[in-house]
Amino acid sequence: MSIILQLIGALGFLLYGMKLMSDGIQKSAGKSLHRILGLMTGNRFLAMLTGMFITMLIQSSGATTVMVVSFVNAGLLSLSQSVGIIFGANIGTTITAWIVAFFGFNFKISALAIPLFGIGFFLTSIKRLQKQNIGEAIMGFGLLFLGLDLLSKSIPTLDASNIGFLSAWTDKGALSVIIGIIAGMAITVLLHSSSASTAIILTMSHNGLLPWEFAAAMVLGSNIGSTVDAVIAAWGTKVNARRAALIHVLFNVTGTIWAAILLHPLLLVVDALVPGPVQQHITYHIAMLHTVFNVINTLIFLPFAHQIAALTERLIKPKADEAAGVYRLDFVETGAKENAVAYVIRAEKEIEDMTDVVTRMFDRISLGFQQRTMDFVSQEMEILTQDENYADQMKEQLTSYLVRCSQLPMSDKLKNNVSVMLRIVDDLENMTDDCYSIGVLLSRSVEKEMQFATEDMERLQPYLELVRYFLDFIRKNINKHLNEEQLAVAQVLEDQIDDLRKKLKKVARKRLESGADVKTELLYIDLVRNIEKIGDRAFSISEALVMTQ
């Protein structure tokens, strides 16, 4: 029991240290680290390098693939682009094994761990320095080293009598390889981290508890186990996100199968690359194996990125409830390293899409002013109704999603931005209500055969164009911070819309006083008022964007 408790404590330091380090680096980098994923082109090699670079920084291929699944789901990445990033993430995750191999056992790492933790703590505590995130990363690095040291001290207390269950399976030939793969997979699934499981394998091998071949099989198994986060993240997502998760599973499982079949030749390649006796330098051999395996696997499959994407499209078909017009936005927690920034970027993309819905509806009603016919009533109103219902679904699910985001650990700056996004979502949905109301008024005027003077309809055109220009301004800046000069531009647009509304309503009232049809003029005034509401909400969004940081 004492040994088990020591191991649990050591693993706690190791995993918490990795989480602190990963979160600190991600917070320091801010949104730029994650936006790199959204700027990918169709270049599969650039995508691979991006996935590798990000994973090396954040020390977690699981976190990278979860982001990829999320961004594919949001439409920020295409399925083909995700292939290269996922492949690169597998190479990037090998950096942890090299850190452990180089630093973990060559000197008394606890001597470095304590000072690192202290430096990180003071950087975190002294607010004036504004280095809290870097301090958090350094604290995590110190705890990671401390966890490795404690793990190394705990494992030597194990001997043949209490790990006999493991020793019994290390010399069974092909069966040993299968058992090793299953063991490595199980540990990684439990820990939600292939980096942590590799560190454990390295530690046990360094202390002579695992022979070279069995340790190699466990490393291969950890690659399969690392797909669990992507699978969890894809649960309940759109079809392409599920396909991206399948790409990760297929890549790692297929790679592990060929590596297990050709394990002895693979080990010979590693032995040739790492000088010295295997058992004496086993940590370097394991780190090299992890790297060589993922590099070869990537070189084999990267040229077929488009074919792999096409294969997943054949294997995973859209569900019945994924029909057009049904909006879904699921907040899926992986149970591992939740990253608030990645979730917020996903919400930003959805808000951009919601802005497009508003613009599309406004263009449709603008057409209705030019062509007030029964065709508009029978065809365009049906589409307006579908868009308005879709926007209602977007508001409901986006609001729920953003509330869940706000409950994740995040900076005050990000929390403020989430609050602003909630306000913007509400304004956008109100805009779609206004567009629909205008459509209903236009339909009523057609059905009741109301006649508007040609000059009255012509007066509305500059009014509509001004509001449309304001919508373009909002669409261009929807997820950006507006400065005072840009807000002044929005204020000018708002004032111009208000002035035109007053003039149009004044003309309508004069016609009423001169004996014009009351119902027709009141409906005209309602049209003018509803168009002006869209301008009001556009200005409200502009004010909200000034508050973003």
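I began with helix α11, which is mostly covered, with 12 of its 13 residues buried. I noted that this is a predicted model.

**Entry: α11**

I listed the buried residues of α11: Ser194, Ser195, Ala196, Ser197, Thr198, Ala199, Ile200, Ile201, Leu202, Thr203, Met204 and Ser205. I then checked the length of α11, which covers residues 194-206. From first C-alpha to last, α11 reaches 18 Å, close to the 18 Å expected at 1.5 Å a residue. I also looked at what follows α11 and found Gly208, with a positive phi near 80°.

**Entry: the whole chain**

I looked up the overall composition. The chain has 23 helices and 0 strands. Of its 549 residues, 52% count as buried. I took the contacts between residues at least 6 apart in sequence, and 83% of these join residues at least 24 apart.

I moved to α12, residues 212-225. Of the 14 residues in α12, 13 are buried, and the helix is mostly covered. Its end C-alpha atoms lie 20 Å apart, close to the 20 Å expected at 1.5 Å a residue.

I picked out Ala217, which is in helix α12. Is Ala217 buried or exposed? I found a relative accessible area of 0%, so Ala217 is buried, the cut-off being under 20%. I then asked which residues Ala217 is in contact with, leaving aside its neighbours within four places in sequence. They are Val177, Gly180 and Ile181.

**Entry: α12 against α15**

I checked how α12 packs with helix α15, residues 263-273. The angle is about 105° and the axes are 11 Å apart. That makes α12 roughly perpendicular to α15, since angles of 65 to 115 degrees count as such. On the α12 side I found Trp212, Glu213, Ala216 and Leu220; they meet Leu263, His264, Leu267, Val270 and Asp271 in α15. I sorted the residues of this contact by class and got 6 nonpolar, 1 polar and 2 charged.

I turned to helix α18, residues 340-370. At 1.5 Å a residue its 31 residues should span 45 Å, and the end C-alpha atoms are 46 Å apart, which agrees. I counted 24 of the 31 residues of α18 as buried, so this helix is largely enclosed by the rest of the structure.

I looked at one residue there, Arg364, which is placed in helix α18. Not counting residues up to four places away in sequence, Arg364 touches Phe376, Glu380, Ile383, Leu384 and Asp387. I noted the spacing to Phe376: 12 residues in sequence and 9.3 Å in space, C-alpha to C-alpha.

I compared two partners of α23, starting with α20, residues 412-447. Helices α20 and α23 pack at about 165°, with axes 9 Å apart. That makes α20 roughly antiparallel to α23, the cut-off being over 145 degrees. I recorded the crossing of α20 past α23 as left-handed. By class, the contact of α20 with α23 has 16 nonpolar, 5 polar and 8 charged residues.

I then took α21, residues 454-477, against α23, residues 518-546. Their axes come within 10 Å and cross at roughly 20°. That makes α21 roughly parallel to α23, since the angle falls under 35 degrees. The crossing of α21 past α23 is left-handed. I noted contact residues of α21, among them Leu460, Leu464, Val467, Leu471 and Ile474. On α23 the contact residues include Val528, Ile531, Gly535, Ala538 and Ser542. By class, the contact of α21 with α23 divides into 16 nonpolar, 3 polar and 3 charged residues.

**Entry: Glu449**

My last item was Glu449, found in the loop between α20 and α21. Glu449 has a positive phi of about 55° although it is not a glycine. Is Glu449 buried or exposed? Its relative accessible area is 63%, so I wrote it down as exposed, the cut-off being over 50%.

How values were computed:
Residues numbered from 1 in each chain as written. Predicted model: local features only at pLDDT ≥ 70, side-chain atom pairs only at ≥ 80, totals over all residues. Heavy atoms only, no water. Helix = DSSP H or I, 4+ residues; strand = E, 2+ residues; numbered from the N terminus. Expected span 1.5 Å × (residues − 1). Buried < 20%, exposed > 50% of the residue type's maximum accessible area, 1.4 Å probe, protein only. Axes fitted to C-alpha atoms, helices over the stretch in contact; angles between N-to-C directions. Contact = heavy atoms within 4.5 Å. Nonpolar A, V, L, I, M, F, W, Y, C, P; charged D, E, K, R; others polar. Left-handed = near helix turned anticlockwise from the far one by under 90°.
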